[in-house]
Amino acid sequence: MGARRAIEIGVFTGYSALAVALALPAEGRILACDISDEFTSVARPYWERAGVANKVELVLEPALHTLDARIAAGQAGQYDFAFIDADKSNYDGYHERCLTLLRPGGLTAIDNTPWSGRVAQPVDAARDANTAALQRLNAKLPGDKRIDLALLPIGDGLTLARKR
């Protein structure tokens with residue numbers, strides 16, 4: 001897809017950010033959003049060893065703040081790819097902001113959307129906010145005329161949303 005600019009929401013120990021950074025061209029950049037210095041500190045030496053640390057812009061603050069700041073800075077439509085794998089209760093907010101930041105034809109990959117099958121079961125939203133949030137997102141996406149949608153049934157599932 002010729003991606004040059006990517007977003008990752010939920011870095012954890014940096015494995016997927018590393019994979020994306022390796023796939024980007026030399027001038028490519030990934031905006032890596034997380035709140036944990038403890039976990040992302042595991043990633044930094046590996047990014048260095050792989051020679052991609054210069055491609056990774058790690059921002060340690062709530063991702064919604066980071067994404068809103070990028071939108072406010074005029075970066076709408078300037079990203080090619082986004083990967084969402086963070087707190088499930090904010091998935092819809094992350095998706096909406098990524099949709100703003102992506103160019104037409106850009107792709108968002110949303111991890112864990114089947115949630116081990118729990119999204120197909122009745123849920124008490126007060127007791128299981130994560131599952132309820134995923135249920136709402138999964139119900140919303142098929143009717144969204146801004147995207148083309150696919151679900152890959154691998155691992156715990158991966159939803160692909162291509163911006164029209």
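Reader: Which residues in α2 are buried?

Author: This is a predicted model, and the answer rests on a cut-off: a residue counts as buried under 20% relative accessible area. An α-helix has 3.6 residues a turn, so residues three or four places apart point the same way. The buried residues in α2 are Thr40, Ala43 and Trp47.

Reader: What distance does helix α2 reach from its first C-alpha to its last?

Author: Helix α2 covers residues 37-49, which makes 13 residues. At 1.5 Å a residue, 18 Å is expected. The computed reach is close to that value, at 19 Å.

Reader: What percentage of the contacts in the protein with a separation of 6 or more comes from residues 24 or more positions apart?

Author: The C-alpha trace spans about 45 × 35 × 30 Å along the principal axes, and 43% of the 164 residues count as buried. Among contacts with a separation of 6 or more, residues 24 or more positions apart account for 65%.

Reader: Is asparagine 112 buried or exposed?

Author: Asparagine 112 lies in the loop between β5 (102-111) and α5 (129-140). Its phi is near 65 degrees, a positive value in a residue other than glycine. Because its relative accessibility is 12%, asparagine 112 counts as buried.

Reader: What is the relative accessible area of tryptophan 115?

Author: Tryptophan 115 is placed in the loop between β5 and α5. Although not a glycine, tryptophan 115 has a positive phi of about 55 degrees. Tryptophan 115 is buried, and its relative accessible area is 15%.

Reader: How far apart do the centres of the positive and negative side chains lie?

Author: The protein exposes about 8,200 Å², of which carbon and sulfur atoms supply 56%. Its charged side chains comprise 19 positive and 20 negative ones. The centres of these two sets lie apart by 6 Å.

Methods. Residues numbered from 1 in each chain as written. Predicted model: local features only at pLDDT ≥ 70, side-chain atom pairs only at ≥ 80, totals over all residues. Heavy atoms only, no water. Buried < 20%, exposed > 50% of the residue type's maximum accessible area, 1.4 Å probe, protein only. Contact = heavy atoms within 4.5 Å. Areas by Shrake-Rupley, 256 points an atom, 1.4 Å probe, with all protein chains shown as cover. Lys, Arg positive; Asp, Glu negative; His and termini not counted. Charge placed at Lys NZ, Arg CZ, Asp CG, Glu CD. Helix = DSSP H or I, 4+ residues; strand = E, 2+ residues; numbered from the N terminus. Expected span 1.5 Å × (residues − 1).
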